[in-house]
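Dear colleague,

Please find the structure below, together with its sequence. My findings follow directly after it.

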Amino acid sequence: MKKSTLIWGCWLVMLMLCGAYLSRQLPERHWSSSITAAFPGSDADWQRDLVANHSANRQIRLALTGLPEAQLAIVAAEFQQQNPELRWVTPQQHWQQLQAFYQRAAGYIATTAAHQHLAAAQYQSLTNSAWQQLLSPLPLADNVLERDPLLLSQAAMQHTATGLSQQFQALTPAASWLKGRFEQLPFVLLQAELAIDPFDAELAVPLQAKLVQQLQLLQQQYPELRWHHSGLLFHAVKAATTAKTEMSWYGGLSMFAIVLLLWWVFASGKPLLLAVITLGSAGLAGLTAVVWFFESPHLLAFVFATTLIGVAIDYSFHGLLAVQQGPVFFRRMLPGLSLSLLSTLLGYTALLLLPLTILNQVAVFMLAGLTAAYLMVRFVYPVALAPQSMTIAASARCGANLLVRFWQRFNQRQAWMLFGTVAISSALLFLLLVKFSDDVRGFNQLDPTLQQHEQHIVKLSGQQWDNKFLLVSAETAEQLLVREGQLRPLLQAWQQQGLLRNWQAVSDWLPTIAAQQQLQQQLQLVYQSAVGQQFLQQLGVAVPQPLAQWLTATDLPDFVQQQLYTPVAGKGAPAKVSVILLRGSTLGNTQLAQLSQLGFAQRFDPIEDASAKVAGVRQQLGIGLAVAVLAAILILVWYYGVKRAGAITLFLQIAVCSALNISLLLGQTLTLFHLVGVLLVVALALDYAIFFASKLAAAEVQLAVGLSAITSMLAFGMLAFSQTPVIAGFGLTILVGILVAVLTAPLLTRIGDLETQGE
Amino acid sequence: MNWRLGLWCWLLASSSFAAAASDTAQSQQTVALQQMAQWQLPQGKLLFSQQKWIRGLQRPLKSQGFLQLEPQSLDWVTEQPVQSAVRLDKQGVQQQLAGTYQLQAGTELIGRLMLAMLQQDQAFLRQYFSLQPLPEQSGECVQLTPLQAPLTNFYRHIVLCGQTSLSRIELTELAGNRSEILLTAASIKAVP
């Protein structure tokens with residue numbers, strides 16, 4: 001069998017295996033689009049799960065207006081019927097659940113005031129209060145007198161419901177929605193819970209499209225109809241759609257630019273075909289590796305991974321040009337290519353060590369993709385392309401020569417001077433301007449229309465629960481309630497100090513079993529007393545029997561049960577957790593210190609938590625980057641000697657500082673993702689430096705490096721226009737970094753014992 | 001008669017019946033409102049006596065007291081068998097506890113309802129109830145059946161009766177409890 005047939009055969013088998021694996025696995029994978037969902041695992045994984053499962057994340061709200069109240073009711077009912085897959089949260093359901101709970105809770109709950117009266121044996125005031133309730137014109141709940149003739153549970157429920165109703169003060173409940181008036185116009189407010197994860201783009205995108213389409217159809221029917229919506233679903237879908245569009249748009253454009261470039265340089269279909277096969281193979285290998293290692297591939301990871309195109313095409317250009325020069329030249333090129341792959345893989349391996357899923361996926365994609373591209377260039381190119389079979393465009397050669405000649409005017413001393421001066425000045429400027437931010441709110445540009453929708457819904461529905469809450473941990477459900485009770489005086493104190501408007505805790509609804517038992521004993525004492533006997537006689541009811549089955553969490557209404565959480569057993573995860581919802585909280589360090597003194601409670605702010613995690617990841621990436629660069633420099637010292645390695649270090653520093661300085665001068669604040677860009681700039685700049693330091697003609701190296709840099713800049717330059725600030729920052733960093741690197745890399749040939757040939 | 005003619009007759013009859021039923025409901029509502037409009041508007045202090053039949057109790061609970069009606073609020077003061085006071089207004093129902101009124105959650109509509117019944121706020125009553133005259137009961141009575149939540153969660157129906165002024169209110173709760181409130185005319189300061 002011929003060698004070329006064998007190599008092509010092996011290559012084809014590999015591609016087919018990847019294709020078969022992907023066709024089997026891809027339909028089963030759910031693509032994620034949440035930045036925060038991709039954040040690192042830590043001791044507090046259960047907190048992240050809690051936030052992910054928190055019902056607020058799955059809630060959507062829809063306000064309909066513009067029509068008379070009766071027509072709004074028709075439209076709202078029609079919309080609810082059209083979407084049975086949504087779990088509609090209705091006032092009627094709340095009412096029924098409250099009724100059911102109240103029936104169950106009769107005799108088990110009482111207000112603090114009633115407890116005090118019971119403890120002080122002030123039975124007369126209890127019976128007086130019961131008479132007041134019995135004789136007032138307010139309706140009485142059904143069937144509770146037998147178990148709770150003093151109506152202590154009714155008073156307790158009214159007390160609890162007061163806090164609950166504050167949430168919807170301006171709204172009137174109808175059966176299936178809330179209604180109200182805003183600027184004299186009636187509106188209805190529908191609320192639903194999603195059965196799907198809003199970050200699961202596969203399911204969320206069609207659902208959102210369906211909802212919007214139905215609303216548009218209803219608007220055709222009722223032209224005056226206006227609507228506003230809110231919910232994570234709409235933001236997540238917008239982010240996913242933008243990421244997908246950008247990925248295909250930028251990927252497509254950069255591919256197109258590469259095709260044009262290849263056609264211009266080689267004027268032949270064969271290199272074009274080889275480059276496309278290289279990119280395709282690299283992409284296929286990268287995707288296969290990601291799907292192999294990760295259950296839920298992240299869309300943003302693939303936006304970052306479009307960088308593969310830039311690096312892989314770099315190898316392709318070097319391979320194509322070297323093959324043209326014949327086997328000897330190709331063999332001379334290989335050490336540089338291998339060293340370049342080694343240094344780039346080292347850089348991406350640093351990403352793999354970081355606890356950030358997106359970056360892990362980028363790393364896996366790039367490691368597999370670049371290895372595939374390297375193997376293709378090394379083994380397939382020599383058998384696929386005969387030497388001297390193509391003509392290189394004279395203009396391309398001319399451009400490369402011009403740049404090389406420009407730098408050749410500098411002698412070694414001048415080159416050092418230039419590197420030194422620019423390196424110091426760019427470093428000083430960087431130190432002057434540098435400003436990092438880890439606030440995740442700045443990572444994503446919220447869509448202004450969606451923001452308006454959100455703000456309008458908040459205006460209509462009043463103040464909601466805060467996005468931060470308290471978490472109470474315990475070993476058992478009973479201990480959880482006890483601990484919430486221990487926390488209560490602190491909450492009351494904060495309320496009095498104006499640091500907290502109100503809160504909702506599970507223990508507001510559910511007393512501990514010990515407290516329920518005590519209440520029963522105290523009630524029996526009331527019934528046996530003279531006051532109690534007289535009251536029961538006047539009412540004509542028998543003495544209630546002591547209750548034996550206690551009220552538990554399963555009796556609570558759904559919306560309270562959702563505040564209880566049983567984390568998956570793991571490192572640092574408590575057995576039981578309850579969430580205390582806060583409204584209007586402005587807790588400072590003193591209050592947080594008071595919380596931590598308790599030892600079982602903490603304030604949890606998902607945004608603050610995510611930002612802290614990002615800050616941690618940024619530090620780790622910084623360390624990883626430093627280690628990777630240090631490792632690469634050590635390899636260079638070993639391979640090239642101290643002097644040239646020093647020059648390459650200065651060259652890298654200039655490229656990196658320039659890239660970051662431009663971002664800073666344009667008003668951007670540096671983020672984790674700028675650092676990811678830096679990592680790639682280092683990888684690409686090292687590539688260029690290694691090739692210029694190799695035993696190849698500088699003009700040949702410049703041609704390949706220049707061509708690959710142009711393609712990379714086209715790809716990354718477009719990312720700089722992304723709507724997502726982090727992607728834009730990432731793109732701009734790489735764009736500027738590569739530009740500076742490609743323009744200054746030939747100066748490296750003027751340093752040390754020159755191995756490269758000037759012309 | 002062939003089937004087409006039969007179908008045509010059935011459709012005609014159904015639509016006529018539907019139209020007639022709608023007309024009847026409309027005319028009953030008009031009659032009920034006219035009847036209520038004849039009652040003189042009460043103002044100031046009214047004496048009341050209430051009998052409340054609560055499910056599970058063998059005999060009704062009786063109470064007496066007075067209502068102090070103001071344009072924006074109603075004080076419901078029970079004097080017998082225990083002293084208690086409740087204020088009803090558009091905010092809801094406020095129970096007097098230890099000398100201060102405390103608003104009870106979720107009672108906005110009940111507060112507005114009581115005021116609307118006594119002040120004959122026809123717009124409110126039409127919005128939340130279907131109204132029907134009940135001439136067979138003693139005196140001229142109007143039955144109010146709630147149309148929408150949350151009132152449908154509390155009341156099965158309400159009956160208002162009177163000759164020249166509102167003299168009896170009967171509240172039948174969904175839970176089966178029933179209250180009969182008699183307003184004594186002697187204290188009503190009539191407004192012409």
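In this predicted model, helix 5 of chain A passes helix 19 of chain A in a left-handed crossing (the near helix is turned anticlockwise from the far one by less than a right angle; clockwise would be right-handed). Helices here are DSSP runs of H or I with at least four residues, strands are runs of E with at least two, and both are numbered from the N terminus.

The contact (heavy atoms within 4.5 Å) involves His115(A), Leu118(A) and Ala119(A) on helix 5 of chain A, and Leu519(A), Gln522(A), Leu523(A) and Val526(A) on helix 19 of chain A.

Lys179(A) belongs to strand 4 (residues 178-182) of chain A. Why is Lys179(A) classed as buried? Its relative accessible area is 9%, and buried means under 20%, exposed over 50% and partly exposed in between, with a 1.4 Å probe and protein chains only.

Thr476(A) sits in the loop between strand 7 (469-474) and helix 18 (477-496) of chain A. Thr476(A) is partly exposed, because its relative accessible area is 40%. From C-alpha to C-alpha, Thr476(A) and Val577(A) are 9.1 Å apart in space, while 101 residues apart in sequence.

Residues are numbered from 1 along each chain as its sequence is written, and chains are lettered from A and ligands numbered from 1 in the order in which they are written. Local features need pLDDT of at least 70, side-chain atom pairs count only at pLDDT 80 or more, totals for chains, interfaces and linings use all residues, and side-chain values use heavy atoms, with hydrogens and water left out.

Yours sincerely
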